[in-house]
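Open the model in your viewer and keep the selection panel at hand. This tour goes from one selection to the next.

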Amino acid sequence: MIAIVDYQQAYEADEEMAKAIPSAEQVEAWANAVLAAENTGEQEVTVRFTDDEESQTLNHEYRGKDKPTNVLSFPFEVPPGIEMNLLGDLVICVPVIMREAQEQDKTPTNHYAHMVIHGILHLLGYDHIDDADADIMEAKEIRILASLNIGNPYQ
């Protein structure tokens, strides 16, 4: 095991959504897949499942976008001279994930897996601001998802 996951379920889900929210074990397996693919060694990450309101507040405060979003990544900046294996935090919005999964004809589990992997890649420094970087990041996501028997989310 190379991923240490601080799992936070802060969303009060109805029965259907509650069944779809991944378990701590699933999130840990997805995090391990990313860290193994990137050969990072042991890393700690917080993964918080939340509602539209919290997602929108954070998205507005940190990204200037006044709407909820699927996943937000907050890398931890280690102070100079201190060694820590803390990558940072992911905030995953349950209602957005559920809406997107339905709109994109994906299972919620596969979409959650994609967003955890996508978010951890952001914590590791990957981005998709320009096309070249997006191609690199998407290829990594596709390869990691395939290792978990999950199809290409971009098709």
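What follows is a set of stops, each with something to select and what to find there.

**Before you start**

This is a predicted model: local features need pLDDT of at least 70, side-chain atom pairs count only at pLDDT 80 or more, and totals for chains, interfaces and linings use all residues. Residues are numbered from 1 along each chain as its sequence is written, and side-chain values use heavy atoms, with hydrogens and water left out.

**Stop 1: helix H4**

Select residues 94-103, helix H4. Helices here are DSSP runs of H or I with at least four residues, strands are E runs of at least two, and both are numbered from the N terminus. How many of the ten residues of H4 are buried? Seven are, so H4 is largely enclosed by the rest of the structure. Buried means under 20% relative accessible area, exposed means over 50%, and partly exposed is in between (1.4 Å probe, protein chains only). Colour the buried ones: Val 94, Pro 95, Val 96, Ile 97, Met 98, Glu 100 and Ala 101.

Now show what they pack against. The partners are helix H1 (15-20), strand S2 (43-50), helix H3 (52-63), strand S4 (86-93) and H5. Contact means heavy atoms within 4.5 Å.

**Stop 2: Arg 99**

Stay in H4 and pick Arg 99. Its relative accessibility is 38%, so Arg 99 counts as partly exposed. Which residues does Arg 99 contact, leaving aside neighbours within four places in sequence? Asp 52 and Pro 68. Zoom in on the Asp 52 side chain: the side chain of Arg 99 makes a polar contact with it at 3.2 Å. A polar contact is a pair of N or O atoms within 3.5 Å; within protein, one must be able to donate a hydrogen and the other to accept it, and residues adjacent in sequence count only if both atoms are side-chain atoms.

Arg 99 and Tyr 11 are 88 residues apart in sequence, and their C-alpha atoms are 15 Å apart in space.

**Stop 3**

Two packed helices are described by the angle between their axes and the distance between the axes. Axes are lines fitted to C-alpha atoms, for helices over the stretch in contact, and angles run from 0 to 180 degrees between N-to-C directions. Under 35 degrees counts as roughly parallel, over 145 as roughly antiparallel, 65 to 115 as roughly perpendicular and the rest as oblique.

Show side chains at the contact. Val 94, Ile 97, Met 98, Glu 100 and Ala 101 in H4 meet Pro 108, His 111, Tyr 112 and Met 115 in H5. These residues divide into seven nonpolar, one polar and one charged.

**Stop 4: His 111**

Centre on His 111 in H5. Is His 111 buried or exposed? His 111 counts as buried, because its relative accessibility is 2%. Its side chain makes a polar contact with the side chain of Glu 100, at 2.7 Å. Not counting residues up to four places away in sequence, His 111 touches Ile 97, Glu 100, Ala 101, Gln 104 and Lys 106.

**Stop 5: Asp 105**

Move to the loop between H4 and H5 and select Asp 105. Phi of Asp 105 is near 55 degrees, a positive value in a residue other than glycine. Asp 105 counts as exposed, because its relative accessibility is 73%.

**Stop 6: H2 and H6**

Select residues 24-38 for helix H2 and residues 131-147 for helix H6. They pack at an angle of about 120 degrees, with their axes 10 Å apart. That makes H2 oblique to H6. Ala 33, Val 34, Ala 37 and Glu 38 in H2 meet Lys 140, Ile 144 and Ser 147 in H6.

**Stop 7: Val 27**

Pick Val 27, also in H2. At 0% relative accessibility, Val 27 counts as buried. Beyond its neighbours within four places in sequence, Val 27 is in contact with Val 5, Tyr 7, Pro 22, Val 47, Phe 49 and Val 116.

**Stop 8: Asn 149**

End in the segment after H6, at Asn 149. Phi of Asn 149 is near 60 degrees, again positive in a residue other than glycine. Asn 149 is exposed, with a relative accessible area of 75%.

How values were computed:
Ala, Val, Leu, Ile, Met, Phe, Trp, Tyr, Cys and Pro count as nonpolar, Asp, Glu, Lys and Arg as charged, and the others, Gly among them, as polar.
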